[in-house]
Amino acid sequence: MQPETLSKAIQLSVAPVFLLAGIGALLNVISTRLARIVDAAKRAKDGVLAGNPIDEQERRCYRRRMQLTIRAIELLTGSTLLIAAVVAVMFFSVISRLNLTVVVAPLFISAMTLLMLASLCFLREVQLASRHLRQLI
């Protein structure tokens with residue numbers, strides 16, 4: 001293998017890594033939101049144990065928000081794995097001089113689809129949280 005080939009392989013493989021960094025930041029934000037939802041649900045449960053009843057609608061809201069947040073984390077994790085596969089296949093494609101576009105394209109499209117679905121879950125969770133907050137105020 002020529003040094004130029006290795007250099008090209010590294011260049012092609014590094015571009016999706018920036019996407020991975022962005023997804024990592026989004027995972028951090030969503031994980032923080034999940035922790036806040038769990039904390040709020042625990043406070044509500046503690047209130048029930050202290051004799052303050054919780055509204056069934058509020059309980060469903062917490063449950064739905066947790067489901068959406070966990071689903072977003074699952075989808076982002078799947079997207080991350082697919083992007084990592086894209087990086088590996090692209091690197092292998094360059095160093096082996098095989099045209100693996102037929103593998104890379106579906107992997108990348110799938111990764112972007114999962115990213116979009118995760119973003120929709122995140123958006124829905126934020127909308128539920130906003131609606132819940134408006135009801136409390």
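**Entry 1: ground rules**

I take helices as DSSP runs of H or I with at least four residues, and strands as runs of E with at least two, numbered from the N terminus. I am reading a predicted model, where local features need pLDDT of at least 70, side-chain atom pairs count only at pLDDT 80 or more, and totals for chains, interfaces and linings use all residues. Residues are numbered from 1 along each chain as its sequence is written, and side-chain values use heavy atoms, with hydrogens and water left out.

I looked up the largest nonpolar core. A nonpolar core is a set of buried Ala, Val, Leu, Ile, Met, Phe, Trp, Tyr and Cys residues joined through side-chain atoms within 4.5 Å. For burial I use relative accessible area: under 20% is buried, over 50% is exposed, and in between is partly exposed (1.4 Å probe, protein chains only).

The largest core holds 14 residues. Ile-23, Ile-30, Ala-72, Leu-76, Ala-118 and Cys-121 have the most contacts inside it. At least two residues of this core come from each of helix 1 (3-49), helix 2 (56-96) and helix 3 (101-136). Which helix gives the most to this core? I found that helix 2 does, with six residues.

I also noted a second, separate core of six residues. Val-89, Met-90, Val-104 and Leu-107 are among them.

Next I went through contacts, meaning heavy atoms within 4.5 Å.

I began with Ile-23, which lies in helix 1. Ile-23 counts as buried because its relative accessibility is 2%. Ile-23 is in contact with Leu-76, Ser-79, Thr-80, Ile-83 and Leu-115. I also checked Ile-23 against Leu-98: the two are 75 residues apart in sequence, and their C-alpha atoms are 29 Å apart in space.

Then I turned to Ala-72, in helix 2. Is Ala-72 buried or exposed? Its relative accessible area is 1%, so I log Ala-72 as buried. Ala-72 contacts Ile-30, Ala-118, Cys-121 and Phe-122. From Ala-72 to Val-89 there are 17 residues along the chain, and 25 Å separate their C-alpha atoms.

I followed Leu-68 back to helix 2. Leu-68 has a relative accessible area of 5%, so I count Leu-68 as buried. The contacts of Leu-68 are Cys-121, Arg-124, Glu-125 and Leu-128. Leu-68 and Leu-120 are 52 residues apart along the chain, yet their C-alpha atoms are separated by 9.2 Å.

Arg-65 also has its place in helix 2. Why does Arg-65 count as buried? Arg-65 counts as buried because its relative accessibility is 10%. I list Arg-33, Ile-37, Glu-125, Leu-128 and Ala-129 as its contacts.

I compared each helix with its expected span, which is 1.5 Å times one less than its number of residues. Helix 2 has 41 residues. From first C-alpha to last, helix 2 reaches 59 Å, close to the expected 60 Å. Helix 3 has 36 residues and reaches 52 Å, close to the 52 Å expected.

I then read down helix 3 for burial. Val-104, Leu-107, Ala-111, Leu-115, Ala-118, Cys-121, Glu-125, Leu-128, Ala-129 and His-132 are buried there.

How do the two helices meet? I used axes, which are lines fitted to C-alpha atoms, for helices over the stretch in contact, with angles from 0 to 180 degrees between N-to-C directions. The axes of helix 2 and helix 3 come within 8 Å and cross at roughly 160°. Therefore helix 2 is roughly antiparallel to helix 3. The cut-offs are under 35 degrees for roughly parallel, over 145 for roughly antiparallel, 65 to 115 for roughly perpendicular, and oblique for the rest. Helix 2 passes helix 3 in a left-handed crossing. Left-handed means the near helix is turned anticlockwise from the far one by less than a right angle; clockwise would be right-handed.

**Entry 2: exposed arginines**

I stopped at Arg-97, in the loop between helix 2 and helix 3. Most residues other than glycine have a negative phi. I mark Arg-97 as exposed because its relative accessible area is 62%.

Last, I checked Arg-134, in helix 3. Its relative accessible area is 57%, so Arg-134 is exposed. Arg-134 and Arg-36 are 98 residues apart in sequence, with 17 Å between their C-alpha atoms.

Notes. Lists of a residue's contacts leave out its neighbours within four places in sequence.
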